[in-house]
Amino acid sequence: MQRPDTGARRRQGIFTAALCALGLLVAVCFAFLPGAQRAAAASVGDCTATKGAIVAVDFGPFGGTVERGCDTTPTTGYELLHEGGFSTAGTQHDGPAFICRIGYGAFNSGTQYPTPDKEACVLTPQATAYWSYWVASPGQDDWSYSQYGAMGRNLKDGDVDAWVYGGTDIGGTTGRPTFSPDDVRAGGGSTPDPGGEPTGAPGRVDVASAAAWLKGGLTDGERIVDEGAEDPNYLLTTETAYALAAADGRSDTLDKVTAFLAAHVDDYVAPNGKDQPPATGAAARLALLAESTEGDAHSFGGRDLIADLTGNVCTERAPGEGCTAPGDIRGITYADEQARAVLALLRAGEKPDPASVERLTQVQCKDGGITSILIQPGERCEGDAGSTGLIALVLHTAGGHDDAVTKARDYLAKQQLDTGAFPGYAGSTTGDVIATAYAAQTLRAVGDTKRADAAEGWLSRVQLKGGGFGFDQDAVDPTLYATPVAVLAGARTDIATLTTEKSEPTTPPTTTPPTTEAPTPGKGPDLKKGVAYLTGAAQLKQGRYYPVGPGSGRADFGLTIDGAYALAATGLDNAKLRGIVDFLDDEGKDGEGRTVNDWTGVGTQYAAGGSLGKTALLAEAVGRDPRDFAGHDLIAALDKAVCPAASTAPDRSCAAEGAYTYAPSVFSQALAVMAQLRAGDEDHAKAPVAYLESLQNDGSGAWPSLIPPTGDSDVDSTAIAAMALDLAGGKTADAAVGKALKWIAAQQLPDGGFPGAAGNSVNSAALAVQGLSLDKDTYKKEIDAALKFLAGQQNADGGFKVAKEGQPGSDLRASTQAVGGATGISFGKLDRSLDGTSAQPTPSDDTGGTPQIITPGDDDSGSGGGIVDADSGDGGGALASTGVQVTALAAFAVLLTALGWWAVVAARRRVAEEAGR
């Protein structure tokens, strides 16, 4: 999904996966230099299976065939297109960064399609007719939506990209290429063999020191309590108990932890009350603990955990009741949790419902990998090593699924890196501790000891000095999420066979203990470093705006406003904030002569409500008059943009009564609502507020990404909608906010992150912090955990990754959201006075452009951050959005399957909005 300035950005991750996939993402997709076809494109024959990358563009809808191109020294997906001999064109609104047309010299004299009579390419194309972007890594023969836009996707030798014109749905089940990656791969050379024998040095995990580190993290020797929190973290307490059982067998410490969990079983399994449906994932975890420690899962703390599972098997698809498909354990959405439930029943001597076991085979992909999400049959499937390891272990234990287990084992062999490690997600070359530990357990269980030993050897080399483990090979901070599963792998056991009945001494390590010192983690991201990154010359062109990509003079106005929101939220560089605001308010021109008014479309037939609202909100946040900003009355323009009724085709300006013109997402709707309300324009905001309220899912309390709604549920959109309705006030709005916050809190992942378009998303975690901070007393624990997650995603340069399992390096859009979101201040409360500042001189432009992706650095979160009180008088604010800027685009979401419970998930492509974002 390319991002059109504002709204569309968000999709980039996964919709930039979807739209980027669509070709819609501008910011990341950045397609620059429209139509700049290279004179000397490499011949497809210059690429081989091990050298260069291939791109295939399907001109079938236009009477052509599939054309291929090659880049012998691949860098990004965008460069691959142009080096391969293709030309591209963007939209008038979003610029060349948003790929709207593609042409090829050998087809119809290079005519770019779709032609102007079919698509004007003024605004972002409709989601039913655009160029979608698909990718495959070496060894994969199934397409996936790109997690990044064309410019954000970093290629390696053997990669294959595809561009297909048409549409796709939110589940990714339609619109896929009609050809496979193998159909268009380069010939010659030797086929990459990711299944080769790993060459990493052998070694043994120091299980005793890891267990000691875990014990040191126990409060009162019985429970895990997150830093800054008061309530126990039952999930981590349970995981720690598994590790202690594996390391020491039966012990006083283990007994104390188990007794604590038994005493608080209802707090964990029935958090909403005994008369409400149980948390079946929690029931499965505790049942496995009881079974591993010689206890009784039928009576753990007086609760029958097995009945909690057998009594909640779905008999039909009912999403509103927590049932994705028949056989699901009600309330479970991740495949790894389904696997734990099945395993708990098996270990209790119960026969699981055959449909529940069958569901585990239904989430296996064609290549043998297993996805972390309980997808429906036929939906897009992308496996990862961690999920594959755990679920294959359960299928092996259940028996009767030899074919599936063999396919999973072969997949793991192909995924294993030379070091012995396993990556956390498809296409990654970075070793992931959790994925490696689960893969090692399963490989040992199925008899592949050589590969299991290699995986353990890698784990021994990344074990930190204090005994704990970080998330990946570059981590310097130990974490309670990764260490327990690494202990099981190091103890050469697994969750299917773990027992305290046989307690054998732990084999001492055969290699020198790790020497890496783990620094004390901060409570949140280092906001000073974050602001320094956002205002650096490498990012902020002439101190005025962010370009759409490296070397471009075109301003990304939506992203620029995101940056201004972040600076306003922190108050750490009001001078630079003043420079941005003055540039926008004074109708400053970018390198292409465009002003912010060209982006909003104010005064034209293409005025975008989300973009107008986003700009007006900034004016309000810094004390400028939104009725006289950039030479226009933005509030009057918003009033005019309120739709009296849905438009009829081919006019796609209005989705419904109360929507705003060309505002295709909940994000854009919410931003525009807040702008009107903050301007005292309540009367004109009544219909937009009512429409926003109507988009909420009555059952769950969540909001979808897109307008019109497509049935998905999205953290980012729910958070921004809650901010808008909190500002609106009233009984209906207040009730909606309460339901929304409860739903957001329930989506939090074990590591404190939240699922978003790009995976375990920085954007989504930051927006969740802002949303939950509307009731920070109730959700203090969740907020603190999210801040710790954000701190862990901050790089040494102060910027942030897009997602935990995403490619390394700092992303500008994610960084703006993380910095602003970490303050916890709603857009409705953002207030930063520029009194005392003066107009900023225009510096010379030394950098020539602003890279979106910065050279990777070590994760060094530092200290600082935290929640800023909205009523403290020192301002603050929410970040514009998660980075999707699509002003007018409809985008859908894609499922990004990443690593099981710890990782992320179902990324729903966020639309693009930005028209407000």
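Biologist: How many of the residues of strand β7 are buried?

Modeller: 7 of the 7, residues 160–166, so β7 is largely enclosed by the rest of the structure. Buried means under 20% relative accessible area, with a 1.4 Å probe and protein chains only. Strands are DSSP E runs of at least two residues, and helices are H or I runs of at least four, numbered from the N terminus. This is a predicted model: local features need pLDDT of at least 70, side-chain atom pairs need 80 or more, and totals for chains, interfaces and linings use all residues. Residues count from 1 along each chain as its sequence is written, and side-chain values use heavy atoms, without hydrogens or water.

Biologist: Which residues point which way from β7?

Modeller: Val-160, Ala-162, Val-164 and Gly-166 point one way. Asp-161, Trp-163 and Tyr-165 point the other way.

Biologist: Which strand runs parallel to β7?

Modeller: Strand β1, residues 53–58, joined to β7 by 5 bridges. Pairing takes at least two DSSP bridges. Ala-56 has Ala-162 as its bridge partner.

Biologist: And which strand is antiparallel to β7?

Modeller: Strand β5, residues 130–136, over 7 bridges. There, Tyr-133 stands opposite Trp-163.

Biologist: New topic. Where is Phe-300?

Modeller: In the loop between α8 (280–292) and α9 (305–310). Its relative accessibility is 5%, so Phe-300 counts as buried.

Biologist: What does Phe-300 touch?

Modeller: Leaving out residues up to four places away in sequence, its contacts (heavy atoms within 4.5 Å) include Leu-261, Val-265 and Leu-289. The C-alpha atoms of Phe-300 and Leu-289 are separated by 9.6 Å.

Notes. Buried < 20%, exposed > 50% of the residue type's maximum accessible area, 1.4 Å probe, protein only.
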